[in-house]
Amino acid sequence: MNVHDSEKVIGTLLHEGYRQVGTVEEADLILYNTCSIRDKAEQKVFYRLADYKKLQAQGKTFGVLGCVAQQEGEKIFDRAPHVSLVCGSASYRKLPEMLAQLEAGQVEKKKIEAARSETGERETAKLVRITGLDDRQTDECFETEFTARTNPYRGYITIIEGCDKFCSYCVVPYTRGKERSRTAESVLAEARQMADLGYSEIQLLGQNVNSYKDPAGKKSFAELLAAVGEVPAIRRVRFTTSHPRDFGRDIVEAIDTVPTLCDHVHLPVQSGSTRVLDAMQRLYSREQYLERIAWIKAAKRDISITSDMIVGFPGETEADFEETLSLLDEVGYDSVFTFKYSPRPNTPSLSLEDAIPDAEKARRLEMIMGRQREIQIDRYKKYVGATVEVMVEGVNAGRGQWIGRTSQNKTLNFVAGGGAAESTATSKPRSKATDKSALSGGAEGSVRPTQATSTETDQSVCPAQLVVGSYCSVRVTASFPNSLVGEMI
Ligand code: 5AD
Ligand code: SF4
């Protein structure tokens, strides 16, 4: 979601006349998009900001965007006094206005300093500071009209922002504000526009994508999903992240009915113990979660299931942890993202007792990863001999293989046309002006070279005339715990 937020910010600023540059050194304005979901991510932000300080003498302006901005607010000015702008993710709509204010303030500052120097005063005027932190109660979504999409074949559409769930460990409801959905009509208009621009894969995004409620009351989430899947020229539709509490059977029915909807559901469980789920305020029990898994498994299509898990939540006993391990076996996930519980500011679980020592969290993390690895080895093996469609994502020059992605979101590396892939891949030519640019700054997620730039090349070296973003059929010949290997047929 953060990457897509950056795309929206970049697009909006390009439309305002800003130019995106490739390096921090070239930039006058450096906007750093941040994440505060876990402590480690937040720490990194302050290290990076300290790093930027040495560029202040060159007259650069610094802004902090995203969840750390929202969470820390004006405290950022104390910890990083060279920062001039702090803007939370719920206030991006106001960013152009805030930047204009900042620029006007800086012009004023220069005038004051010039007048002072005429009278012999050396003192510099105060740094202008602008904050945008108060929009979390808004009903409006950030305008996506000018999004600068960085991937030339897969486009993201945020359909719902914010979160009303308030899991006891999570900062998101505080940093991103209350849930607000876009109308199904505007989502579909954007999907059609993307199809016209040549995108063939759409990913619908939301903290809880399936809590979507059409403000115009026309479509449920499953209906919207199906409608996006029926947009002509769209070949794949993904959605993330789903909350188990709001996961209805109608979503599985939509996947069964509309072939373009991908065979993949990411359904974070967080813990296999109902006792811990209660303490996490997840609003479902192990049994209710498993009921949703049963619906997914009962589908006509083979739907891949992935999840997120947190280990070492305060008070998580060995028996609770065993239940998480047994859930891995019971569900048979294709992939699990595992995290050590990280206490976050302002969250209810911060005051819970029985903290788990870090070494124990690390042990539990290792155990989950070890068990899951075995499960994946077995699961991935089953695809050997099968023929699957992949979208070509790039090339691995070292291995002489193309990199493909299956509908189930598995990586499938393959050789094509009887020959190995060479060190380059082709990419669809794009006509959008925004493809040429790169926003100033070196922020994670906010500055990425376009796919076109990183893979663009000479078509003649591709043995099978493969193009990044195209689709082909591949027969799986071998498997690893995290990927498949095959030959194009
Ligand atoms: N500690 C550890 N993991 C967390 N997540 C969210 N908040 C925390 C936290 N405080 C994890 C959850 C979520 C994923 C995006 O990040 O597993 O699904
Ligand atoms: Fe955080 Fe829970 Fe909302 Fe997910 S559902 S964003 S974990 S509060």
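## Exercises on a predicted model

Tyr32, Tyr52 and Phe62 form one aromatic cluster.

**Exercise 1. Determine on which side of helix H2 the buried residues lie, and what covers them.**

Solution. Begin with the extent of the helix: H2 runs over residues 39-52, which makes 14 residues, and its first and last C-alpha atoms are 20 Å apart, close to the 20 Å expected at 1.5 Å a residue. Next, collect the residues of H2 that are buried, that is, under 20% relative accessible area; these are Glu42, Val45, Phe46, Leu49 and Tyr52. Because these residues cover an arc of only 120° around the axis, they fall on the same side of H2. Then turn to the other side of the helix, where Lys40, Tyr47 and Ala50 are exposed. Finally, look for what covers the buried residues of H2, which includes strand S1 (29-34), strand S2 (61-66), helix H3 (67-72), helix H4 (75-79) and strand S3 (83-87). Tyr52, one of the buried residues of H2, is also a member of the aromatic cluster with Tyr32 and Phe62.

**Exercise 2. Carry out the corresponding analysis for helix H7, and describe the residue Gly198 that follows the helix.**

Solution. Since they cover an arc of only 160° around the axis, they are placed on the same side of H7. Glu185 and Asp196, by contrast, are exposed on the other side of H7. The packing partners of the buried residues are strand S5 (154-158), strand S8 (201-205) and helix H8 (221-229). After the helix comes Gly198, which has a positive phi near 105°.

**Exercise 3. Classify the ring pairs Phe166 with Tyr174 and Tyr169 with Phe313, and decide for each ring whether its residue is buried or partly exposed.**

Solution. A pair of aromatic rings is described by the distance of the centres and the angle of the planes. When ring centres within 6.5 Å are taken as a pair, the count comes to seven aromatic pairs. In one of them, the rings of Phe166 and Tyr174 have centres 5.5 Å apart and planes at 80°, so the pair is edge-to-face. Phe166 is partly exposed at a relative accessible area of 35%, and Tyr174 is likewise partly exposed, at 25%. For Tyr169 and Phe313, the centres are 6.4 Å apart and the planes stand at 80°, so this pair is also edge-to-face. Tyr169 belongs to the loop between strand S6 (160-161) and helix H6 (172-176), whereas Phe313 belongs to the loop between strand S11 (304-311) and helix H12 (318-331), so the pair ties together parts that are 144 residues apart in sequence. Both Tyr169 and Phe313 are buried.

**Exercise 4. Locate Ser349 and list the residues it touches beyond four places away in sequence.**

Solution. Ser349 is situated in the loop between strand S12 (335-340) and helix H13 (358-381). With a relative accessible area of 1%, Ser349 is buried.

**Exercise 5. Describe the residues around ligand 2 by class.**

Solution. First name the shell, which consists of Cys163, Lys165, Phe166, Cys167, Tyr169, Cys170, Val172, Pro173, Asn208, His243 and Arg282. Sorting these residues by class then gives seven nonpolar, two polar and two charged.

**Exercise 6. Identify the backbone details at Phe166, Gln270 and the Thr240 to Thr241 bond, and place each in the chain.**

Solution. Phe166, which is not a glycine, has a positive phi of about 55°, and it sits in the loop between S6 and H6. Gln270, another residue other than glycine, has a positive phi near 75°. Gln270 is located in the loop between strand S10 (264-266) and helix H10 (274-279), and its relative accessible area of 7% makes it buried. Lastly, the peptide bond from Thr240 to Thr241 is cis, with omega near 5°, and Thr241 lies in the loop between strand S9 (236-240) and helix H9 (249-257).

Conventions:
Residues are numbered from 1 along each chain as its sequence is written. Chains are lettered from A and ligands numbered from 1 in the order in which they are written. This is a predicted model: local features need pLDDT of at least 70, side-chain atom pairs count only at pLDDT 80 or more; totals for chains, interfaces and linings use all residues. Side-chain values use heavy atoms; hydrogens and water are left out. A residue is near a molecule or strand if one of its heavy atoms lies within 4 Å of it. Ala, Val, Leu, Ile, Met, Phe, Trp, Tyr, Cys and Pro count as nonpolar, Asp, Glu, Lys and Arg as charged, and the others, Gly among them, as polar. Buried means under 20% relative accessible area, exposed over 50%, partly exposed in between (1.4 Å probe, protein chains only). Helices (H or I, at least four residues) and strands (E, at least two) are DSSP runs, numbered from the N terminus. The arc is that of the directions from the helix axis to the C-beta atoms. Contact means heavy atoms within 4.5 Å. Rings of Phe, Tyr and Trp (its six-membered ring) pair if their centres lie within 6.5 Å; planes under 30 degrees apart count as stacked, over 60 as edge-to-face and the rest as tilted. The expected span of a helix is 1.5 Å times one less than its number of residues.
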